[in-house]
Amino acid sequence: MSSDSNVLDLSEVIAVTPVEKHGGQRNKDGFSDIELTPISCSRFAVHYVEKKRGRVWRPGRVTFKCQDPTVCREWIDRLQERLNQEYLRPRRLLVFVNPFGGKKRGVQIYQQKVAPLFDLARIKADVIVTERAGHAQDLLQELELNKLDGIVCVGGDGMFSEILNGLIVRTQQEAGVDKDWLAAELVRPHLRIGIIPAGSTDAVSYATVGVNDPVTSALHIIIGDCQPLDVSSVHYRSQLLRYNVSFLGYGFYGDVVRDSDLRRWMGPTRYDYSGFKKFCRRKIYEGEVAFLPCADQGSSPYDQIRCTEGCLVCKQAGEKNKPTPFNPSEEPRAVETFGPGGWQRVRGRFIAINAATNSCACKKTPKGVSPAAHLADGCTDLILIHATPRYRFLGHLLKHLTDSDRFNHSFIEVYRVREFKFRPVIIEETEDEQVEDEEAGVLSRRNRRRNTRRNSVWNCDGEIIDQPAVDVKVHCQLIKLFARGIEETKQSSCWPVGCFCA
Ligand SMILES: CCCCCCCCCCCCC/C=C/[C@@H](O)[C@H](COP(=O)(O)O)NC(C)=O
Ligand SMILES: Nc1ncnc2c1ncn2[C@@H]1O[C@H](COP(=O)(O)OP(=O)(O)O)[C@@H](O)[C@H]1O
Ligand SMILES: [Ca+2]
């Protein structure tokens with residue numbers, strides 16, 4: 001309901017409930033127990049999505065009074081019937097809660113902020129609190145998923161990555177697709193994934209909803225929003241290493257996540273500590289990047305086209321990349337030619353090699369690592385940060401805190417690509433160039449002239465891929481989230497919501 005009108009969009013109604021005559025006791029979450037039990041009543045409440053500032057959503061409520069209780073009952077039944085026809089609204093969800101991520105408040109966040117809303121919306125939720133890393137991914141290989149309307153992740157990007165990988169691997173297995181074959185056309189999972197932000201960075205949640213707020217995300221799930229999302233597969237030598245949905249970073253960001261993983265007890269501040277430490281170290285990594293540009297896309301990492309709700313660039317990409325039925329005998333379309341219109345390559349000494357499959361916006365960088373990246377255009381923005389003095393690298397980093405152009409530096413190259421490969425140049429270790437073993441805290445003599453370490457690791461949505469050589473390929477709109485993209489805060493979007501998920 002917009003603030004200057006009394007029109008209530010049915011697609012944003014959470015629930016309809018009878019209301020008792022005299023205000024009964026409200027339980028701790030502000031819901032009156034009587035409201036939830038059908039009685040012959042002369043009033044009913046319509047609970048709806050109230051849009052606050054900064055894309056925050058809250059449950060609003062308006063109460064209607066009828067003279068005749070049967071009319072009241074009729075209204076409740078009709079409205080409930082109409083809500084039941086909204087086929088995108090979930091009825092049955094599987095919820096994974098990570099008690100370990102972020103500030104370790106995942107269970108409280110779910111119980112206090114999300115569960116009461118799911119109950120109000122008559123959503124049946126099977127809740128599993130994970131007991132170890134990888135628990136959710138393993139369960140997704142064996143649990144019965146057919147009766148579900150979606151999966152919900154209560155955690156951060158790492159937890160979402162676990163569920164994403166579990167669901168995609170399961171889907172390929174059931175479809176007979178070889179997930180280790182880089183060129184395979186992946187089958188899209190039909191289940192949507194919802195994210196309740198309860199992690200440290202929560203970049204995926206922020207980049208698809210526009211805010212990191214558990215109640216807002218829960219309301220997007222309840223009304224059945226649907227937002228397609230690109231997923232990158234990361235392979236090496238015919239073996240799937242991991243699926244990635246947001247951020248892939250080698251060098252600086254890889255070293256940050258490796259170092260911060262040892263300091264999880266610090267919670268979200270572990271990234272600031274490790275970030276500062278790795279900034280001071282400023283390691284340089286030699287290697288070669290080969291990439292296949294998205295030539296015909298009509299958009300670029302440097303343009304001002306932002307990916308918002310109903311984005312035209314993503315809509316057109318979706319039409320161009322409609323899934324073709326999997327045919328094992330059919331050879332995939334592989335473009336291997338180097339040169340104009342084909343693959344390009346860059347060899348150099350890098351501080352960081354990053355790939356942003358969407359903006360990677362988060363609280364740290366509200367406009368994102370790549371502000372003009374799109375959620376569902378089938379591309380990823382490849383950002384090559386060449387060796388440069390610390391003060392210039394700092395200038396680039398600080399721009400992430402603002403809206404200014406973070407790519408406007410001579411040492412930075414950015415390409416919008418469909419695929420890329422990275423091969424590190426293995427530096428032969430001489431006796432005076434031994435690897436510094438941080439974990440053991442042993443500092444050996446280091447070749448200060450080149451300050452080059454053998455290899456970094458890949459930061460894959462906050463998880464570590466300990467294999468420097470990778471082949472990355474973007475799969476357009478492979479999965480769907482219970483979200484709608486970044487809502488325009490002023491004018492309404494140009495496309496009806498949900499048009500992607502017909
Ligand atoms: C001195 C000033 C420095 C300002 C630096 C601003 C750059 C911030 C860029 C943050 C990285 C955004 C990409 C998101 C990655 C997440 O998937 C990952 C894991 O997120 P999670 O902790 O699992 O929610 N987080 C990190 C920091 O690697
Ligand atoms: N019960 C658990 N105990 C320990 N680790 C877990 C558990 N459940 C999930 N994890 C792991 O915790 C890591 C971080 O999860 P995440 O929710 O992303 O938190 P953060 O945003 O703080 O990194 C992920 O690698 C995930 O696999
Ligand atoms: Ca993209």
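Arg-484 turns out to be buried, with a relative accessible area of 6%, where buried means under 20% relative accessible area, exposed over 50%, and partly exposed in between (1.4 Å probe, protein chains only). Its side chain meets that of Glu-487 in a salt bridge, at 3.3 Å from N to O; the term stands for a side-chain nitrogen of Lys or Arg within 4 Å of a carboxyl oxygen of Asp or Glu. Glu-487 is buried as well, at 11% relative accessible area. Salt bridges with shared partners go on to join Glu-12, Lys-51, Asp-225, Glu-309, Arg-484 and Glu-487 into one network.

A word on the basis of all this: the model is predicted, with local features needing pLDDT of at least 70 and side-chain atom pairs counting only at pLDDT 80 or more, while totals for chains, interfaces and linings use all residues. Residues are numbered from 1 along each chain as its sequence is written, chains are lettered from A and ligands numbered from 1 in the order in which they are written, and side-chain values use heavy atoms, with hydrogens and water left out.

Back to the charged pairs. Side chains of opposite charge can pair when their charged atoms come close. By the salt-bridge rule, the count here comes to 26. One of them links Asp-259 with Lys-277, whose closest N and O atoms are 2.8 Å apart. Asp-259 sits in helix α7 (residues 252–261) and Lys-277 in helix α8 (residues 269–281), so this pair ties together parts that are 18 residues apart in sequence. Helices (H or I, at least four residues) and strands (E, at least two) are DSSP runs, numbered from the N terminus. Another salt bridge brings together the side chains of Asp-261 and Arg-264, at 3.2 Å from N to O. Here Asp-261 is partly exposed, with a relative accessible area of 33%, and Arg-264 is partly exposed too, at 23%.

Next comes the metal. The calcium ion (ligand 3) is held by Asp-230 (OD), Thr-357 (O), His-374 (O), Asp-377 (OD) and Cys-379 (O), at 2.3 to 2.5 Å. Donors are N, O and S atoms within 2.8 Å of the metal (3.2 Å for Na, K and Ca), and water is not among the atoms, so sites may look incomplete. Along the chain, the donors of this calcium ion are spaced as D-x126-T-x16-H-x2-D-x1-C. His-374 and Asp-377 are both buried.

Cys-360 lies in the loop between β12 (344–356) and β13 (380–386). It is buried, at 3% relative accessibility. Most residues other than glycine have a negative phi, and most peptide bonds are trans. Cys-360, though not a glycine, has a positive phi of about 60°. Arg-122 does likewise, with a positive phi of about 60° without being a glycine. Arg-122 belongs to the loop between α2 and β5 (124–129) and is exposed, with a relative accessible area of 55%.

Patches are made of residues with over 30% relative accessible area and no salt bridge, like charges being joined within 9 Å and nonpolar side chains (Val, Leu, Ile, Met, Phe, Trp, Tyr) within 5 Å. Accessible areas come from the Shrake-Rupley method with a 1.4 Å probe, and for residues only the protein chains shown count as cover. Lys-103, Arg-105, Lys-113 and Lys-363 make up a positive patch. Lys and Arg count as positive and Asp and Glu as negative, with His and the chain ends not counted; the place of a charge is taken as NZ of Lys, CZ of Arg, CG of Asp or CD of Glu. Lys-103 lies in the loop between β4 (92–97) and α2 (106–120), and is exposed at 67% relative accessibility. A nonpolar patch comes from Leu-394, Leu-398 and Leu-401, which together have about 270 Å² of accessible area. Leu-398 is placed in helix α10 (residues 390–398) and is partly exposed, at 46%.

Finally, two pairs set sequence against space. Val-19, in strand β1 (residues 13–19), is buried at 4% relative accessibility. Val-19 and Phe-64 are 45 residues apart in sequence and 9.1 Å apart in space, C-alpha to C-alpha. Pro-116, found in helix α2, is buried as well, with a relative accessible area of 11%. Pro-116 and Tyr-206 are 90 residues apart in sequence and 23 Å apart in space, C-alpha to C-alpha.
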